[in-house]
Amino acid sequence: MTAPLPTTMRAVVLDAPGPPEALVVRERPVPTPRPGWVLIRVRAFGLNRSELHTRLGLAGPDVTFPRVPGIEATGEVAACPGGEFAVGQQVMAMMGGMGRSYDGGYAEYTVVPAAQVLSFRSDLDWATLGAVPEMLQTAHGSLTVGLDLRPGQSLLVRGGTSSIGMAAAVLAKRLGASVLSTTRSAAKADALRAVGVDHVLVDDGDVARQVRALLPDGVDAALELVGTPTLPDTLRSVRVHGTACFTGMLSNQWTVPDFYPNDYLPRGVRLAAYSGDVGDLPTDVLQGFLDDVAAGTAVVPVAHVYALAEIATAHADMEAGRRSGKLVVTT
């Protein structure tokens, strides 16, 4: 017999945009799922730049307040009235409006549409599992949908010490690609080498020069995670008929003013973009990655693990870029 669900839970609530201290842990009722939705007992969740944008008031009109942030969550099914998942099943949920148009994963329980949930089985610790969902989905989608990366090709990751940058390096090496990755701090180079990066480039604003010193024709593919300020230099790093994929906005700068393609794009270089959803991460890819991590043939770049009560500190660390890799909160 399963134990009855509690009636209240701890949740992080954002009443309005503000500094990290605007994230307040409160007691709230445990939400009740309707058919087609799943109640998840959250064991851990990762922090994402999207949630920083929400806290800063940059996330757009679909975000209303007060709101429990969090575009992902990892845990176990606590209730599922539609029967899509068994109670107790290990699951990950991500995207689809989580933490924006409805309450998200910064809580001990969260309710999400069943379509946003992936099941898995793993004996890895919850902190490691909590780092995976959005990081793996975005990295996998960028390399497959955005870049169509192939074995033997070269990949430049701009913003390499971000969690997605490190995950992309891990996936690209598993594919058999050669990886060049940037960091603004030479002190973070060892963290990149630890996930398999072949060439660490300290970002001095002219990464294209460093890339072409190694590969005179340029890289086959480039993943842009910093944003529009570095995109022109990233494009200059790519060979003719190569592709750059714009995925991330670590700089919080989203748009290119006065965009004139013939002046902006190097001759013959392709520019793609990636913004995906849970459907871009097949369950077999997720399970295979977790199995490889358990076997020691892949790594999850967890930078630091926080308690729920430390959410303001975690957000301050994310905003300041004090850690290399994924920040995770366990409940």
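## Terms and ground rules

Buried means under 20% relative accessible area, exposed means over 50%, and partly exposed is in between, using a 1.4 Å probe and protein chains only.

This is a predicted model, in which local features need pLDDT of at least 70 and side-chain atom pairs count only at pLDDT 80 or more, while totals for chains, interfaces and linings use all residues. Residues are numbered from 1 along each chain as its sequence is written, and side-chain values use heavy atoms, with hydrogens and water left out.

## The overall build

The protein has 10 helices and 15 strands; these are DSSP runs numbered from the N terminus, with helices (H or I) of at least four residues and strands (E) of at least two. Its radius of gyration is 20 Å, close to the 20 Å that the globule rule gives for 331 residues, so the protein is as compact as a globular protein of that length. That radius is taken over C-alpha atoms, and the globule rule is 2.2 Å times the number of residues to the power 0.38. Along the principal axes, the C-alpha atoms fill a box of roughly 65 × 40 × 35 Å.

Of the 331 residues, 54% count as buried. The accessible surface comes to about 13800 Å², and 52% of it belongs to carbon and sulfur atoms; such areas come from the Shrake-Rupley method with a 1.4 Å probe, and for residues only the protein chains shown count as cover. Contact means heavy atoms within 4.5 Å. Among contacts with a separation of 6 or more, 70% are between residues 24 or more positions apart.

What does Leu290 touch, leaving aside its neighbours within four places in sequence? Leu290 is in contact with Met92, Phe120, Ser122, Leu124, Leu129 and Val132.

Helix H1 spans residues 49-56, and its buried residues are Glu51, Leu52, His53, Thr54 and Arg55. Their cover includes strands S1 (8-14), S2 (23-29), S3 (37-46) and S4 (72-79), along with helix H10 (311-320). Just after H1, Gly57 takes a positive phi of about 80 degrees.

Thr138 lies in helix H3 and is buried, with a relative accessible area of 7%. Not counting residues up to four places away in sequence, Thr138 touches Ile164, Thr247 and Tyr274. The C-alpha atoms of Thr138 and Asp280 are separated by 8.4 Å, although the two residues are 142 apart along the chain.

## Charged pairs and cysteines

A salt bridge is a side-chain nitrogen of Lys or Arg within 4 Å of a carboxyl oxygen of Asp or Glu, and by this rule the count comes to 20. One of them joins Asp233 and Arg158, whose closest N and O atoms are 3.0 Å apart. This pair links distant parts of the chain, with Asp233 in helix H7 (residues 231-235) and Arg158 in strand S8 (residues 154-158), 75 residues apart. Asp233 is buried at 4% relative accessible area, and Arg158 is buried at 1%. Arg158, Asp203, Asp233 and Arg236 are linked in a network of salt bridges.

Another salt bridge pairs Arg322 with Asp317, the closest N and O atoms being 2.7 Å apart. Arg322 is exposed at 51% relative accessibility, whereas Asp317 is buried at 8%. As for cysteines, a disulfide is a pair of cysteine sulfur atoms within 2.5 Å, and a search of the whole structure finds 0 of them. Cys80 is buried, with a relative accessible area of 12%, and Cys245 is buried at 0%.
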